[in-house]
Amino acid sequence: MKSKHTKYILCSIVLVLLFYILWYLKNTVTISDYLEPEIVATHYNGKNFVAQDTCIECHEDIFKSHVKTAHYNTSAIANEEHIKGKLAEGSNELNLKGVRLKLIKENDGIYQLTKPKFGDTALVKSKLDITIGSGVKGQSYLSWEDDKLYQLQLSYFEPANTWVNSPNFPEYSFNRPVDDNCLKCHVTFAENKNESGNGNIYNRNKLLLGIDCQRCHGPLEEHVVYHRTNPNAKVGVHVDNYGKYTQQQRLDACAVCHSGLQAQQVKGNPFSFIAGDTLSAYSKNYQNNNRNLKLDVHGNQMGLLSESKCFVNSLKMDCITCHSPHENERGEQDVFNAKCLSCHTITAINSSVEVNKHTETLNCISCHMPLVPSEVMKLKLDDGLNEIPVYIRTHLIGVY
Ligand code: HEC
Ligand code: HEC
Ligand code: HEC
Ligand code: HEC
Ligand code: HEC
Ligand code: HEC
Ligand code: HEC
């Protein structure tokens with residue numbers, strides 16, 4: 001009787017203690033979790049990237065508009081939501097000279113089937129793991145083989161709503177190894193096993209898809225920790241203010257991805273450059289007067305803009321003069337007209353032109369920044385007989 005009673009008391013004490021320990025752990029863990037945000041990768045400069053939804057807590061409006069941009073959506077996990085092309089039977093094939101390609105849906109994902117027509121004709125099956133391209137013009141697909149990354153042969157071309165041979169692929173069965181020089185403009189960060197970024201073996205857990213906040217603002221663990229510890233601080237700490245950058249620094253932050261094939265890496269890794277750095281220290285912007293290169297689909301907006309009279313004759317023009325970095329403004333004619341008219345006035349234009357009378361409602365870019373077909377980016381449709389060029393909005397602003 002007595003021993004039963006003691007047992008009962010002992011049990012209660014143990015239980016209470018256990019609950020206390022659990023309560024204590026839960027609370028302290030939450031607090032330190034909050035002050036130590038989830039780190040998802042480490043940049044080559046030693047600074048840590050935090051999970052991108054960390055920013056929502058204090059920058060909700062920017063976050064919500066940013067997720068609608070082509071930048072945010074430029075790479076993602078390949079699933080039915082993100083894959084833009086048609087998968088229905090009859091629209092899911094591409095027949096090239098040396099290979100027949102087909103997309104099929106299985107329970108665990110979508111696969112490309114490759115059937116070469118000559119030589120080794122075994123059927124090869126590769127999973128679509130990552131999408132590259134928001135789908136404005138098109139989309140390519142990457143596939144893992146263990147921790148090696150390859151680009152698949154099928155791509156999607158939006159203007160024709162059809163599957164095409166990936167740009168610059170031969171017409172036989174082919175997978176292209178994907179190194180940092182392909183990924184650097186379409187993801188926030190990738191950790192290549194080869195520090196120079198030349199190989200295609202990656203740490204799969206450290207691949208940050210989409211161009212997120214920290215691609216343009218740098219890895220921001222310290223910023224988050226500071227502001228969580230100091231909730232009343234009103235000025236951003238451990239984060240750069242773009243307003244304090246020089247014109248060149250502001251341009252470089254965009255030009256790192258928007259100067260096409262002209263950016264030749266001379267220092268570090270393809271991901272070494274971060275906003276605030278000077279691009280010419282990392283890559284040589286060589287001018288070889290090859291117009292074709294400038295009109296590559298991987299548009300050289302920087303090179304073209306810098307030859308425009310608007311740019312040459314204004315003191316402070318940069319990409320942000322016309323583009324809001326956190327918003328999707330594609331097709332917003334009024335927004336862009338207003339930008340042109342912030343420097344030009346209809347009266348001034350009409351006083352210098354002779355025939356063409358301007359009004360405010362004209363779509364300025366339809367004449368002064370026309371769509372130009374790319375000379376090098378031509379896509380092959382069925383059997384390689386038809387070739388269609390990709391149209392790019394030129395940034396050489398002028399009278400055409
Ligand atoms: C705990 C709150 C908090 C979190 C989390 C946070 N920030 Fe901030 N951030 C601030 C405050 C406060 C400022 C200063 C006020 C402002 O500019 O909005 C600021 C300013 C900024 C600025 C402007 C700096 C300047 O001077 O122009 C940028 C850029 C920025 N944050 C980016 C980010 C990004 C990206 C993330 C996510 C990785 C993030 N912040 C997460 C609180 C936070
Ligand atoms: C990490 C590389 C990278 C950086 C840095 C970058 N961009 Fe981009 N940008 C891209 C890529 C890739 C696309 C194509 C996205 C897509 O449609 O898949 C793009 C698309 C765009 C578009 C077209 C948007 C649309 O709706 O189609 C604009 C405008 C643009 N960028 C402006 C800028 C500006 C301005 C900056 C600097 C503040 C900048 N970019 C910095 C890579 C970058
Ligand atoms: C130097 C930076 C850069 C590199 C490297 C690069 N891209 Fe791009 N890519 C861009 C930019 C910028 C755009 C948007 C083009 C434009 O509208 O001018 C783009 C557009 C695209 C698009 C069309 C996106 C859309 O939604 O319209 C696809 C697909 C694409 N790239 C795939 C690739 C693949 C695959 C690789 C690697 C083999 C690659 N890119 C390498 C910068 C780059
Ligand atoms: C394509 C590059 C790019 C991306 C991606 C980007 N930003 Fe920015 N951000 C900029 C630029 C450029 C400026 C400076 C704008 C200016 O000077 O008008 C800026 C300014 C800011 C500012 C200060 C000025 C303001 O508008 O309040 C904050 C805060 C900020 N960004 C937060 C974020 C957050 C949060 C994200 C992700 C949800 C993000 N940014 C994604 C380029 C980018
Ligand atoms: C930051 C101010 C600024 C903005 C914004 C701007 N321009 Fe200009 N633009 C200029 C200057 C300065 C010149 C040089 C001619 C002059 O002195 O009037 C110029 C020249 C031009 C010319 C004559 C080019 C030639 O080769 O003869 C055209 C056309 C033009 N701009 C159209 C536009 C259009 C269209 C937009 C909007 C997409 C635009 N500009 C935005 C400042 C600007
Ligand atoms: C004078 C204004 C102006 C400036 C400066 C400017 N852009 Fe643009 N940009 C535009 C307009 C207008 C469009 C067309 C938008 C649309 O299609 O709705 C555009 C489109 C783009 C596109 C999509 C191209 C395509 O073919 O789909 C990219 C990428 C881009 N800009 C990047 C940049 C970058 C990077 C810079 C700085 C080097 C820059 N822009 C500077 C006005 C400008
Ligand atoms: C239908 C085509 C068309 C549209 C739309 C158009 N322009 Fe023009 N623009 C022209 C032509 C053509 C010229 C050259 C006319 C001449 O020299 O007689 C010109 C000349 C100019 C010039 C140079 C004037 C000079 O001093 O040489 C500027 C600046 C300009 N346009 C700005 C704009 C702006 C801003 C818009 C939008 C509100 C616009 N244009 C819409 C066709 C157009």
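The exercises below work through selected features of a predicted model, each with a solution in steps.

Residues are numbered from 1 along each chain as its sequence is written, while chains are lettered from A and ligands numbered from 1 in the order in which they are written. Local features need pLDDT of at least 70 and side-chain atom pairs count only at pLDDT 80 or more, whereas totals for chains, interfaces and linings use all residues; side-chain values use heavy atoms, with hydrogens and water left out.

**Exercise 1.** Find the protein donors of the iron atom of ligand 4, and explain why the arrangement is octahedral.

*Solution.* Begin with the donors, which are N, O and S atoms within 2.8 Å of the metal (3.2 Å for Na, K and Ca), in a model where water is not among the atoms, so sites may look incomplete. The protein donors here are H217 (NE2) and H326 (NE2), lying 2.0 Å from the iron atom of ligand 4. Next take the angles: the 6 donor atoms subtend 88 to 179 degrees, and this makes the arrangement octahedral. The rule is that six donors count as octahedral, and four as square planar, if opposite donors are over 155 degrees apart and all others between 65 and 115, that four count as tetrahedral if all angles lie between 85 and 135 degrees, and that anything else is irregular. For comparison, the ideal angles for six octahedral donors are 90 or 180 degrees. Then place the two residues: H217 lies in helix α4 and H326 in the loop between α9 and α10, so the pair ties together parts that are 109 residues apart in sequence. Helices (H or I, at least four residues) and strands (E, at least two) are DSSP runs, numbered from the N terminus. Finally, H217 is partly exposed at a relative accessible area of 31%, and H326 is also partly exposed, at 25%, where buried means under 20%, exposed over 50%, and partly exposed in between (1.4 Å probe, protein chains only).

**Exercise 2.** Describe how the iron atom of ligand 7 is coordinated, and state where the two residues lie.

*Solution.* The protein donors are H358 (NE2) and H368 (NE2), at 1.9 to 2.0 Å. The arrangement is octahedral because the 6 donor atoms around the iron atom of ligand 7 subtend angles of 88 to 177 degrees. H358 lies in the loop between α11 and α12, and H368 in helix α12, 10 residues apart. H368 is partly exposed, with a relative accessible area of 26%.

**Exercise 3.** How do strands β1 and β2 run, and how many bridges join them?

*Solution.* Two strands pair if DSSP finds at least two bridges between them. Strand β1 (residues 39-42) and strand β2 (residues 48-50) run antiparallel and are joined by 3 bridges, and A41 has F49 in β2 as its bridge partner. The hairpin has 5 residues between the strands, and in it G46 takes a positive phi near 95 degrees.
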